[in-house]
Amino acid sequence: MTKTWGVLDETLKDMLTTYNHDSFLKCMKMADLGCSSGPNTLLVISHIIENLSKLQEHAPREIQVFLNDLPDNDFNNLFKLMAMNTSTNTNTKTKSNIECYIYGAPGSFYGRLFSNNSLHFAYLTSSIHWLSQIPQGLGKSNKENIYLTTTSPPQVFEAYSKQFERDFTTFLKLRGDEIRGGGRMVLGLLGRSVADPTSKDEFKLRSSRKHLPIWLQRGL
């Protein structure tokens with residue numbers, strides 16, 4: 001998660017200094033997608049607020065944070081943690097004098113979550129690899145395994161690949177509707193340094209910047 005912070009800080013600074021008008025400065029609206037329910041969520045929000053305050057005249061006066069995860073996520077625990085943390089209280093003026101308002105937004109990020117052009121910024125890390133459903137046409141060809149194995153036949157690899165492509169395409173199109181012009185999104189993606197998904201290669205955080213032109217060509 002912290003490996004994305006360099007890109008996160010640069011992206012927020014670029015957004016707020018490039019589009020320095022009232023809709024951004026008055027109240028910046030952002031979403032943490034796949035937020036989970038532990039202390040890491042507070043760490044992300046605190047880091048963002050701290051770095052926004054460094055932008056001085058470019059910093060927003062207020063920030064609304066929408067915490068998104070599936071409905072069975074433990075939002076109660078999340079908000080209890082926030083109540084004990086004054087820098088990320090659900091309604092508080094932080095040390096940087098930025099008013100911070102935090103809300104829960106339960107639902108799958110493979111569906112619509114927000115109205116058109118309502119967000120300035122969206123952040124997601126280490127959750128986009130969760131698929132919306134079991135890959136179509138999988139049947140029993142994977143011998144009841146819940147993941148790819150060395151014994152999985154080629155059609156299983158193809159089924160998982162196609163499902164991810166469908167899900168990721170849907171995700172990008174939905175966020176394209178929800179994020180307003182001039183807004184930004186930072187994604188932290190897990191990947192491997194080798195093509196074989198069954199290898200013991202360690203997960204590495206990949207920057208998606210080099211892939212953006214390809215997504216744009218596809219109209220995403």
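The dialogue below concerns salt bridges in a predicted model.

Colleague: What should I know about the model before reading its side chains?

Modeller: The model is predicted, so local features need pLDDT of at least 70 and side-chain atom pairs count only at pLDDT 80 or more, while totals for chains, interfaces and linings use all residues. Residues are numbered from 1 along each chain as its sequence is written, and side-chain values use heavy atoms, with hydrogens and water left out.

Colleague: How many salt bridges are there by this rule?

Modeller: Side chains of opposite charge can pair when their charged atoms come close. With a salt bridge taken as a side-chain nitrogen of Lys or Arg within 4 Å of a carboxyl oxygen of Asp or Glu, the count comes to five.

Colleague: Which parts does the pair of Asp-14 and Arg-184 tie together?

Modeller: Their side chains meet at 2.6 Å, N to O; Asp-14 lies in helix α1 (residues 5-18) and Arg-184 in strand β6 (residues 179-191), so the pair ties together parts that are 170 residues apart in sequence. Helices (H or I, at least four residues) and strands (E, at least two) are DSSP runs, numbered from the N terminus.

Colleague: Are Arg-175 and Glu-178 buried or exposed?

Modeller: Buried means under 20% relative accessible area, exposed over 50%, and partly exposed in between (1.4 Å probe, protein chains only); both Arg-175 and Glu-178 are buried. The two form a salt bridge at 2.7 Å, N to O, and both lie in helix α5, three residues apart, about one turn of the helix. Salt bridges that share partners join Arg-112, Arg-175, Asp-177 and Glu-178 into one network.
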